[in-house]
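Subject: Handover of a structure and notes on it

Dear colleague,

Please find the structure below, together with its sequence.

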Amino acid sequence: MKKLLLIMTSIVMVTGFAFNVQADPAQDLRAFQDFYKKKFPDVQFDDFGNGIYALNKQLRDEWEITMEFPPYELTLDEGKRLFNKPFKNGKTYASCFKNGGKNIAQNYPYFDIKKGMVKTIELEINECRERNGEKPLKYKKGPIVAVSAYIHSMAQGKRTNVQVPNNPAALAAYNKGKEFFYARRGQLNFACIHCHGANAGMKVGGNILSPALGQTTHFPAYRAKWGAVGTIQRRYTGCNKQVRAKPFKAQGEEYRNLQYFHTYMSNGVPLNAPGTRF
Amino acid sequence: MKLNSLISATFLSIALLTGCATTPMATADGYKEAEAAAKEAIKKAASVGGEWRDTGEILEKAAAAAKSGDYETAVKLASKAQHQGELGYQQAMAEKGAQPPSYMR
């Protein structure tokens with residue numbers, strides 16, 4: 001009898017463990033979003049894209065006043081101008097993106113099965129430039145952010161719709177991004193989830209920590225700290241530095257995979273980029 | 001027999017403690033040794049994505065101290081960088097396969 005019990009227990013532990021490790025993206029998504037819905041029952045699902053302004057009325061009121069003259073406007077205008085400005089060969093960015101770049105940002109990042117890698121809008125902006133005989137731009141700030149902000153703005157209101165195809169390489173990229181999100185790093189020994197999970201809504205150094213759900217929908221975003229519009233990967237760099245970890249290269253594999261997982265977790269939240277954060 | 005065991009254990013403990021805490025001498029050669037060990041530790045941490053933010057800067061400060069002839073500071077800083085490199089590596093290895101916290105499963 002004891003032997004039987006031991007065998008049964010072992011089977012449950014082993015299969016239970018395997019099930020846990022191999023939790024598929026759809027299960028992860030459900031558990032992730034359920035956590036935030038339960039933690040913030042008064043926040044409407046679509047409002048998670050507004051970050052801390054969905055949690056704090058006073059900050060929201062101030063933010064809404066500021067949004068009458070959004071500080072990203074000049075960057076957005078510049079992005080539109082650059083997007084429509086012909087390259088030396090006469091083509092424009094629109095020639096490189098599906099539907100001329102309209103209503104596509106909600107599907108990014110995506111896993112390119114042929115190339116075996118996660119593709120972001122910024123990465124494809126530079127690929128577009130190179131295909132058309134132009135030099136690639138620097139990532140994180142400057143003209144690339146303006147063009148990306150404009151492409152994102154053309155998908156405002158579209159719900160985040162990142163797909164993880166049933167492909168081993170795509171799943172591997174997703175799992176790497178997931179591991180990054182949950183792994184402690186840096187001298188402070190913090191993972192992304194430690195600030196933006198159970199502690200979301202709490203204060204650190206006078207700042208309210210935003211929930212991870214909806215964080216990706218408003219990037220590229222103007223941040224008062226930057227005094228400029230920047231990409232989400234620039235924000236990752238800042239987060240990593242804050243926990244005293246050495247940041248990774250923008251658009252390198254680590255941050256692209258992280259962005260893939262992170263954005264997938266916000267599936268269903270409408271895009272509202274460019275955003276503004278103070 | 002008991003006395004012999006006690007003496008052996010004491011010597012072993014001392015050897016272990018001092019052995020673990022040994023730092024290179026505060027000399028030019030000692031610094032070179034400490035710098036090489038730190039670089040190796042940083043490289044190992046970086047190979048698993050575990051390098052910490054300030055480690056490289058600490059090693060740069062160590063180099064500056066060595067340049068000015070302050071080998072005591074140089075060795076101390078290089079050893080600190082080595083320690084951070086080792087901890088960064090251990091941390092990254094421990095976090096392999098990190099999963100959502102229990103409240104999010």
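Predicted model: local features only at pLDDT ≥ 70, side-chain atom pairs only at ≥ 80, totals over all residues.

Interface between the chains

The size of an interface is often given as the accessible area lost when the parts come together. Here, chain A and chain B bury about 1,800 Å² between them, and carbon and sulfur atoms account for 55% of that area. Chain A brings 23 residues to the contact, and chain B brings 17. On the side of chain B, B:R53, B:Y103 and B:M104 provide 34% of the area that this chain buries against chain A, which is more than any other three residues supply.

Pockets

The largest pocket has a volume of about 1,100 Å³. Its lining comprises 39 residues, and those nearest its centre are A:H196, A:I208, A:S210, A:R223 and A:R235. By class, this lining consists of 22 nonpolar, 11 polar and 6 charged residues. At least two lining residues come from each of α3 (57–66), α7 (168–182), α8 (192–196), β4 (207–208), α9 (232–242) and α10 (253–264) of chain A. The greatest contribution is that of α9(A), with 6 residues.

The second largest pocket holds about 410 Å³ of space. It is lined by 19 residues, and both chains are represented among those nearest its centre: A:E179, A:F180 and A:E254 from chain A, with B:V48 and B:K96 from chain B. Two or more lining residues are given by each of α7 and α10 of chain A, and likewise by α2 (28–47) and α4 (71–94) of chain B. The classes in this lining are 8 charged, 6 nonpolar and 5 polar residues.

A helix pair in chain A

In chain A, the axes of helix α4 (residues 73–84) and helix α6 (residues 143–153) come within 7 Å and cross at roughly 90 degrees. The two helices, α4(A) and α6(A), are therefore roughly perpendicular to each other. From α4(A), the residues in contact are A:T75, A:L76, A:E78, A:G79, A:K80, A:L82, A:F83 and A:N84. They meet A:P143, A:A146, A:V147, A:A149, A:Y150, A:I151 and A:S153 of α6(A). By class, this contact between α4(A) and α6(A) has 9 nonpolar, 4 polar and 2 charged residues.

Yours sincerely

How values were computed
Residues numbered from 1 in each chain as written. Chains lettered and ligands numbered in written order. Heavy atoms only, no water. Axes fitted to C-alpha atoms, helices over the stretch in contact; angles between N-to-C directions. Helix = DSSP H or I, 4+ residues; strand = E, 2+ residues; numbered from the N terminus. Parallel < 35°, antiparallel > 145°, perpendicular 65-115°, else oblique. Contact = heavy atoms within 4.5 Å. Nonpolar A, V, L, I, M, F, W, Y, C, P; charged D, E, K, R; others polar. 1 Å grid on protein atoms, 1.4 Å probe; cavity = no way out; pocket = protein on both sides within 12 Å on 5 of 7 lines; lining within 4 Å. Points joined across faces, edges and corners; volume = space filled by probe spheres on them. Buried area = accessible area lost by both parts, 1.4 Å probe.
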